[in-house]
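Subject: Structure handover

Hello,

Here is the structure you asked to take over. Please look through it first, then read my notes below.

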Amino acid sequence: MTKKRENSIEISKTEFRKIGYELIDTISDYFEIIDEKPVTTGESPTELQKALGNSTLPKTGSPAEKLVSSASKLLFDHSLFNGHPKFFGFITSSAAPIGVLADLLASSINANVGGQILSPMATEIEKQTIQWLAEFIGVPANYGGILVSGGNMANFTAFLAARTAKAPVTIKEDGLSNLSKQLIVYCSRTTHTWIDKAAVLFGHGAKSVRWIPTDASNKMNIHILEQTIKDDVKNGCQPFMVVGTAGDVSTGVIDDLDAIAAVCQAHDLWFHIDGAYGVPAAVIPELKELFKGLKEADSIALDPHKWLYSPLEAGCTLVKNSKHLIDTYSSHPEYYNFSLTEEGGSQNYFEYGLQNSRSFRALKVWLALQQIGSNGYVKLIREDIELSKYFYELAEKNRELEAVTQNLSIATFRYIPENFGPTEEQKETYLNTLNERLLDELQKGGEMFLSNAIVRKQYCMRTCIVNFRTTKKDIEESIDIIVKEGRKMHLKLSQTETI
């Protein structure tokens, strides 16, 4: 037997198995009792730093078993648990346990899914995952795409592909500054902040974004969109892209995708859909009409780590024509030796996006899609939507809550004290303060976790249910918690605030 190189990195088979079994036991116990734990400890950074300790970088190593045990205790004692059944904040789902195992397996193989030669099976799994995701949301399975870290990167990837496809061909060599016309992108006022980032980071500037007002149903106003495009053309600008939203982050509203598609076709514009949160709901038969126009999109962003219950990180960009990604991202320096001549159609993902070195994100998504199946996802997503409606209904029935909106699995509402009767202007100012302070308290308290939305200038509390552990009982208990804490906060504020 060849003598192995001695080093402090290797862990023997016996020790690795022992540490691994202990860690899996700890994680299994956590899954079993997660509903009994607080959602979060609400500790301050100072308290967390004290728990972590402020030792300097060690010069000598420590035993792996001790380190893994210590890290487990730190994380299980001092974390926010988005897998808790009463976690309703932002849009972070509870992670499917099979995804946890998948990440361990993926890290063990450590495939670099940038080049086919470096990740032969991992590349094929990612290709199949992309195909399945397209099929899942109801677009043709021949859509291409790439897995990325999350919604920002999925949308950025599509933004740059749109620019390459619609801008003058000289842009790659001469850059934006030499274009004779300013490139303009259009989106509704409810679009996620990624569009601002893209415009600034990719050299267009914030003034290149046209924020189109919404109509009474909070959808992009199609008439204003079309008129704005015509005005920009008349003023010497070059429109190149329209972003439709399939489930906005604040209220879950879906834009009129079919109408936006028609505008894009009429003006030869790239049609992108930000469906990072909401587009998985297209799998629900009774919601198909809401997603009409989806198949017309040139690109779609979706996040498996949102409503497909994948562990972080897992975002995805789908494109109708993969060539647009290759035109945008492909580069072949002399030190690259990645042949594409193998039988069966090899694929190098470094040509599809911003990263060269890429982790094996696809495995956790691929395994979950098989374990749950499309029918299983229909059941889970439909239940999440029904639970959100139940939250809204209970808020509507409660004398101290005002139900505001409900779309997909997002509900918004406000706490309003009983017999509250100042003037309208005073009332709104106070209620905004009250609900903001109440939200802060609820987020720190650990009994439940939710976030906020501004709806018609009103500060609202917001629940987004993308959680396979949540039950009706969790919703009922959460309503009671909100009212209980709302009364406390109103009593506290009414003694210091002018009402």
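Is Glu 485 buried or exposed? Glu 485 is buried, because its relative accessibility is 15% and the cut-off for buried is under 20%. Its side chain meets that of Lys 484 in a salt bridge, at 3.7 Å from N to O. Lys 484 counts as partly exposed, at 35%. Keep in mind that this is a predicted model.

Salt bridges

Side chains of opposite charge can pair when their charged atoms come close. The count here is 25 salt bridges. One of them joins Lys 166 and Asp 268, with the closest N and O atoms 2.9 Å apart. Lys 166 sits in helix 6 (residues 151–166), and Asp 268 in the loop between helix 10 (257–267) and strand 5 (270–274), so the pair ties together parts 102 residues apart in sequence. Lys 166 is partly exposed, with a relative accessible area of 23%. Asp 268 is exposed, at 53%.

Glu 386 and Lys 389 also form a salt bridge, at 3.8 Å from N to O. They are three residues apart in helix 13, so about one helical turn separates them. Glu 386 is partly exposed at 44%, and Lys 389 is partly exposed at 33%. There is also a network of salt bridges: it links Lys 86, Lys 473, Asp 474 and Glu 477.

Nonpolar cores and a surface patch

The largest nonpolar core has 100 residues, and Phe 159 and Ile 300 touch the most other members. Helix 13 (residues 362–397) gives the most to this core, with 11 residues.

Leaving aside neighbours within four places in sequence, its contacts include Ile 137, Tyr 143, His 272, Val 279 and Leu 318.

Leu 101 lies in helix 4 (residues 97–109).

Aromatic pairs

The whole structure holds 17 aromatic pairs. Take Tyr 30 and Phe 76: their ring centres are 4.9 Å apart and their planes at 45 degrees, so the pair is tilted. Tyr 30 is in helix 1 (residues 13–33) and Phe 76 in helix 3 (residues 64–77), 46 residues apart. Both are buried. Tyr 30, Phe 31, Phe 76 and Phe 81 form one aromatic cluster.

Phe 90 and Phe 449 are another tilted pair, with centres 6.2 Å apart and planes at 40 degrees. Phe 90 is in the loop between helix 3 and helix 4, and Phe 449 in the loop between helix 14 (424–445) and strand 10 (451–455), so the pair ties together parts 359 residues apart in sequence. Phe 90 is partly exposed at 47%. Phe 449 is buried at 7%.

Backbone points

The peptide bond from Leu 312 to Glu 313 is cis, with omega near -5 degrees. Glu 313 is in the loop between helix 11 (304–307) and strand 7 (315–319).

Asn 110 is not a glycine, yet has a positive phi of about 55 degrees. Asn 110 lies in the loop between helix 4 and helix 5 (120–137), and is exposed at 61%. Asn 218 also has a positive phi, near 70 degrees. Its loop runs between strand 3 (209–212) and helix 9 (222–234).

Best wishes

Terms used: Residues numbered from 1 in each chain as written. Predicted model: local features only at pLDDT ≥ 70, side-chain atom pairs only at ≥ 80, totals over all residues. Heavy atoms only, no water. Core = buried A, V, L, I, M, F, W, Y, C linked by side-chain atoms within 4.5 Å. Buried < 20%, exposed > 50% of the residue type's maximum accessible area, 1.4 Å probe, protein only. Helix = DSSP H or I, 4+ residues; strand = E, 2+ residues; numbered from the N terminus. Contact = heavy atoms within 4.5 Å. Phe/Tyr/Trp six-rings, centres within 6.5 Å; stacked < 30°, edge-to-face > 60°. Salt bridge = Lys/Arg side-chain N within 4 Å of Asp/Glu carboxyl O.
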